[in-house]
Structure formats: structure tokens, C-alpha cells
Amino acid sequence: MSAVALLAAGCGSGDSEPEATTEAKTGGEITVRGCNPENPLVPSNTTETCGGNVIDAVFAKLVHYDSETAKPEMDVAESIETTDNQNFTIKLKSGWKFHDGTDIKAKNFVDAWNYAAYGPNAQSSGYFMEPIEGYGDLQCAGTANPDDPCEGFTPKAKEMSGLKVVDDLTFTVKTTLKVANFPVRVGYSAFSPLPDAFFADPEGFGDKPIGSGPYKLDSWTKEQSIELSKFADYAGDFGGKVDKITFKIYADPDAAYNDVIASNLDITDEIPASALIDDKYKSDLPDRNAQKETGVIQTVTVAPVKVDPNYADPKIRQAISMAIDRETIIEKIFNNTRVPATGWVSPVVDGYKAGQCGEYCTFDPEKAKAKLAEAGGFKGDKITLSYNADAAHKEWTEATCNSIKQTLGVECVATGVVDFATFRTEIGERKMKGLFRTGWQMDYPSIENFLSPIFATGSSSNDGDYSNAKFDTLLDEAAAETDAAASNAKYQEAEALLAADMPSIPMWYGKTTMGWSEKVTGVKITAFGTIDFSSVSMK
């Protein structure tokens with residue numbers, strides 16, 4: 001089977017944004033709301049949106065996802081071919097360059113993927129290389145320090161046996177098992193190519209990355225701004241209209257919103273709760289707002305058992321989930337701009353199945369109390385729900401805690417952490433106790449993307465250290481299926497297991513709402529809930 005047919009199977013849905021009525025022009029500068037990236041800007045070590053929004057503008061990938069539908073289409077790749085869903089031949093387009101003027105070659109992908117997979121490099125997205133043959137030989141298995149399996153340990157190899165450079169514009173990939181959606185996955189930023197300059201100075205690279213996308217990074221002033229400018233030699237089909245994009249870093253979503261109203265900021269990708277009430281943002285920003293259903297889910301994750309044993313019993317987690325009145329919170333806090341979640345997979349992707357969480361995602365005070373009693377009650381002195389304070393999470397986390405407290409009779413406190421970078425660092429270092437807010441913006445349009453990276457044993461975004469052998473096996477079986485329906489059925493079976501273990505509590509599916517100033521036009525929301533920089537322009 002040709003992978004071209006598979007690439008046509010992308011799925012996305014949502015409300016359309018209003019058509020721009022003002023004639024667009026090329027050039028000019030725009031400012032957009034930004035936030036503090038968790039890590040230096042290396043594609044294979046960026047798994048959050050603050051850094052991801054920048055990475056997506058700066059790095060081109062093999063595949064680009066259509067902004068409206070998320071349908072995959074060729075970008076740097078000329079073709080991705082397979083006859084068995086296990087051996088893939090990838091041919092690159094000629095004439096592509098990195099921002100330092102060097103040519104993009106097959107080795108730049110192979111070297112980047114090997115670097116991401118090599119255990120001692122500790123790349124947060126290294127897990128995405130796991131399907132490639134030989135990945136296991138690059139992993140650490142030391143036992144001296146359980147928190148750092150690479151301490152005193154050298155992996156068997158530094159290069160995956162499943163990656164081979166054929167010539168400057170061709171390389172092959174062999175996966176350990178059949179992976180039907182592999183050509184869809186490679187549009188994710190972890191699969192970006194890296195120039196030779198990266199390997200000369202990986203640490204320095206992250207502060208001023210050399211990418212291959214339509215925009216290059218000019219400067220990054222920590223805590224303040226990230227400035228991008230158009231790359232003159234960009235060879236792709238998805239370039240932008242404006243000459244410069246500045247991400248202004250905000251610690252408060254209300255401040256960003258007010259700056260848009262005052263025309264001191266051009267676009268905010270987050271409307272604060274205060275402006276959602278009674279659709280206030282529509283009167284504040286008439287004809288300058290948009291909303292779209294996107295591949296985003298908000299969840300509450302439970303800290304790993306070794307970090308906080310008070311939540312170890314799944315019945316406690318189930319009780320907490322049933323104690324949350326999602327519909328009222330969505331109505332009062334979000335003005336119905338969210339959809340109550342009934343599972344862990346977004347409705348916008350192929351394979352979504354409603355009701356996977358069962359009764360545990362339905363507000364039922366009596367059942368919640370009974371389930372908590374069945375677990376022997378909550379052993380801690382209070383339930384804590386942490387969130388990053390530099391985005392619009394204070395109101396809904398406090399409302400969630402109030403719902404839990406009123407239902408279960410257990411004290412619940414919502415606690416803000418100064419900013420996203422600090423918040424994610426504490427989670428990554430397993431210092432965060434209790435419950436903490438988590439969200440997932442799809443990396444690529446597949447049911448698998450809402451399951452494997454978050455819940456597979458040892459996966460990159462498995463913040464709760466969830467591990468279930470049957471779940472992992474079902475993921476492998478689903479990936480090996482050549483029939484899409486059969487594959488989806490296996491993934492759905494895996495998702496259903498999460499209800500019994502409740503490693504995270506589904507809250508709601510995303511509708512992204514944006515607002516912009518009078519100076520710009522053509523603002524569109526992608527299927528991923530991000531700004532489509534290829535369409536926005538100055539008036």
C-alpha cells in the first residue's frame with residue numbers, strides 16, 4: 001500500500017472562522033501572546049505548547065498538517081512509500097535549506113532521530129522514535145539510581161538499526177512492528193531535521209535554534225519575548241505573509257486580552273474566563289474573534305504513587321471524578337465554550353468513541369460518596385489541585401475544588417504555580433503532589449496520539465507514571481493493524497481500560513477562542529488550536 005493513500009485519511013472538524021473582509025497585504029510585524037517555554041527550543045525536547053508554538057513556525061517537517069482539517073500533506077518529503085507498513089522509503093524535495101544556509105539532507109533527519117532516541121540525551125520526545133527498529137539498543141538500563149537509569153550506563157548503540165541513509169535525498173525506516181500511521185506521525189515536531197550546527201553545540205542551539213521553516217528565530221529574551229522573522233530562502237508551500245512575529249510573554253491572560261483591546265497586542269490565543277462570561281469578548285472585539293473545536297482535551301492528572309500514595313486507590317480517583325460538576329463549571333466559567341469529556345480522546349479525530357469513561361465522568365454526588373467510602377475514605381488532610389498561574393486556570397480549578405469539597409466533604413485547595421515552565425519542571429522532576437491540571441493538544445490527527453504518548457509505560461508525557469501491560473499490548477496490536485477500523489477498535493479497547501485505573505480525570509474537550517486587534521486580518525485557528533501564521537496579515 002502506498003502511504004499517499006494513508007496521508008489522505010487525516011480527520012478534523014470544527015466551526016469556521018469568519019471570512020476576512022479587508023484586503024490583506026504582505027509584510028509588516030505582528031505581536032502575539034506567548035508564554036515561557038519549559039526547555040530550550042530543541043524540537044525533540046519540546047512537548048508543551050509554549051515552546052511548541054515557536055517550534056512549529058521555525059521548523060519544517062516531512063509532513064505538514066492542513067490548518068483547517070489537520071489532513072497530512074507533503075512538506076519537506078517528496079514521498080513516503082511503503083508496501084507493508086513496516087519498511088518505509090522517504091524521499092526529500094531538493095533545494096531546501098536550513099536557516100544557516102546549509103542544505104537539508106537525509107542525514108539531517110536520521111541524525112536528529114538518533115539523537116532524540118539516545119537515552120543519555122534525555123530528550124522528552126525521544127519516546128516517539130520507539131517504533132523504529134533498534135530503539136531499545138539506545139536506551140539506558142542502569143540500576144544504581146532508579147531516578148536516572150542512564151547513570152553509570154552506556155547503551156549498546158548510538159544509532160537505530162532501522163534508519164539508513166540511501167543518498168542525500170533518500171533514507172529508509174524499518175519499524176520493529178507494523179505501524180500503519182507512521183507517515184501521519186512524522187509531521188510532529190519531534191521528527192524535525194537538525195542541521196550539523198546542532199551537533200556541534202546542542203546546549204547553545206536551544207537558545208537560538210537553526211530551523212528550516214518559514215520563520216527564523218532572531219532573539220529570545222527570557223521572560224519577555226521571542227522574535228521571529230521571515231526566512232528569505234524558505235522553499236515550502238506554507239510560508240507566512242508578515243515579515244516579523246514577536247511572541248510577547250505574559251504571566252497573566254487578562255493582561256494579554258486587555259492589550260489586544262487596546263491594540264498593544266495583535267493576537268491572543270487565549271480568552272480569559274472573565275471575558276467568556278455572557279460572551280463579553282464578542283462585544284469587546286466585534287468581528288475580531290473566532291472559535292473552533294480543536295484536538296485538545298483538558299484533564300486532571302494524579303501524581304505518581306511513589307510521589308503521593310494518598311491517591312493510589314483508583315476508587316479514590318473515580319470518586320473525585322464523579323464529584324466534579326463539569327457541566328456547571330463549563331456553563332459558569334467558560335460560558336459553554338467547552339464540551340464535557342466522556343473519555344480521553346478528542347472527538348475531532350478518527351477513532352473517537354463517546355462514553356469511554358462511563359459513569360466516572362458523570363457528576364453523581366451519591367455515587368461519588370459511596371465510591372470514596374468503598375475506598376475507606378481519603379487518607380490525606382486535603383486534596384490539592386495545582387495549576388500554572390500564567391494562564392486562565394485559576395477560576396476553573398477553584399470551581400473544581402469547590403465541587404469536590406461540597407460533594408465529598410474533603411477539603412480541596414487549588415494552588416497556583418508561578419508560570420508554565422516552573423509548573424512543568426516540578427511535574428517532570430516528580431515533585432508535584434496531589435492532583436495537577438494537564439492538557440493535551442494533539443501532535444498529529446490520530447486516536448493513538450491521545451493514548452500512547454500519555455499512558456504507555458515510560459512514555460514521554462506519562463506524568464502520572466501509569467503502567468498497564470494489557471494497555472501497552474493493545475497499543476502494539478492496534479499499531480500493527482493494516483485496516484483502519486480494526487486498528488481503531490483496538491485503540492478503543494485500550495482506552496476503555498483507563499476507566500478502571502483512572503490515571504487522569506477527563507474534564508472537557510477544547511474549543512479554542514481567539515481575539516485580535518484592528519491592525520490584523522485573516523486570523524484563523526488551526527485544528528490543533530494554534531494560530532495559522534500562513535494566513536494572518538496586516539490590514
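Buried here means under 20% relative accessible area, exposed means over 50%, and partly exposed lies in between. Keep these cut-offs at hand for the stops below. The model on screen is predicted.

**The whole chain**

The chain has 17 helices and 19 strands. Its radius of gyration is 23 Å, close to the 24 Å that the globule rule gives for 539 residues, so the chain is as compact as a globular protein of that length. Along its principal axes, the C-alpha trace spans about 65 × 55 × 45 Å.

Next, switch to a surface. The protein chain exposes about 20,700 Å², and carbon and sulfur atoms supply 47% of that area. Of the 539 residues, 57% are buried. Among contacts with a separation of 6 or more, residues 24 or more positions apart account for 72%.

Colour the charged residues now.

**R33 and E270**

Select R33 and E270 and show their side chains. The two meet in a salt bridge, with 3.6 Å from N to O. This pair links distant parts of the chain, 237 residues apart: R33 sits in strand 1 (residues 29-34), and E270 in the loop between strand 11 (267-268) and helix 8 (273-276).

**E227 and K244**

Move to E227 and K244. Their closest N and O atoms are 3.4 Å apart, and the two residues form a salt bridge. Here the link runs between strand 9 (residues 225-230), which holds E227, and strand 10 (residues 244-249), which holds K244; the partners are 17 residues apart. K244 has a relative accessible area of 22%, so it is partly exposed. E227, at 24% relative accessibility, also counts as partly exposed.

K431 forms a salt bridge with E429, the closest N and O atoms being 3.0 Å apart. K431 is exposed because its relative accessible area is 57%. E429 has 46% relative accessibility and so counts as partly exposed.

Now turn to R430 and look at its backbone. Most residues other than glycine have a negative phi. R430 is not a glycine, yet its phi is positive, at about 60 degrees. Where is R430 found? It is in the loop between helix 14 (420-428) and strand 16 (435-441). With 24% relative accessibility, R430 counts as partly exposed.

**A70**

The last stop is another backbone feature. Select A70 and check its phi, which is near 70 degrees, a positive value in a residue other than glycine. A70 lies in the loop between strand 2 (63-65) and strand 3 (72-74). Show the surface again around this loop. A70 has 0% relative accessibility, so it counts as buried.

Terms used
Residues are numbered from 1 along each chain as its sequence is written. This is a predicted model: local features need pLDDT of at least 70, side-chain atom pairs count only at pLDDT 80 or more; totals for chains, interfaces and linings use all residues. Side-chain values use heavy atoms; hydrogens and water are left out. Helices (H or I, at least four residues) and strands (E, at least two) are DSSP runs, numbered from the N terminus. The radius of gyration is taken over C-alpha atoms; the globule rule is 2.2 Å times the number of residues to the power 0.38. Buried means under 20% relative accessible area, exposed over 50%, partly exposed in between (1.4 Å probe, protein chains only). Contact means heavy atoms within 4.5 Å. Accessible areas come from the Shrake-Rupley method with a 1.4 Å probe; for residues, only the protein chains shown count as cover. A salt bridge is a side-chain nitrogen of Lys or Arg within 4 Å of a carboxyl oxygen of Asp or Glu.
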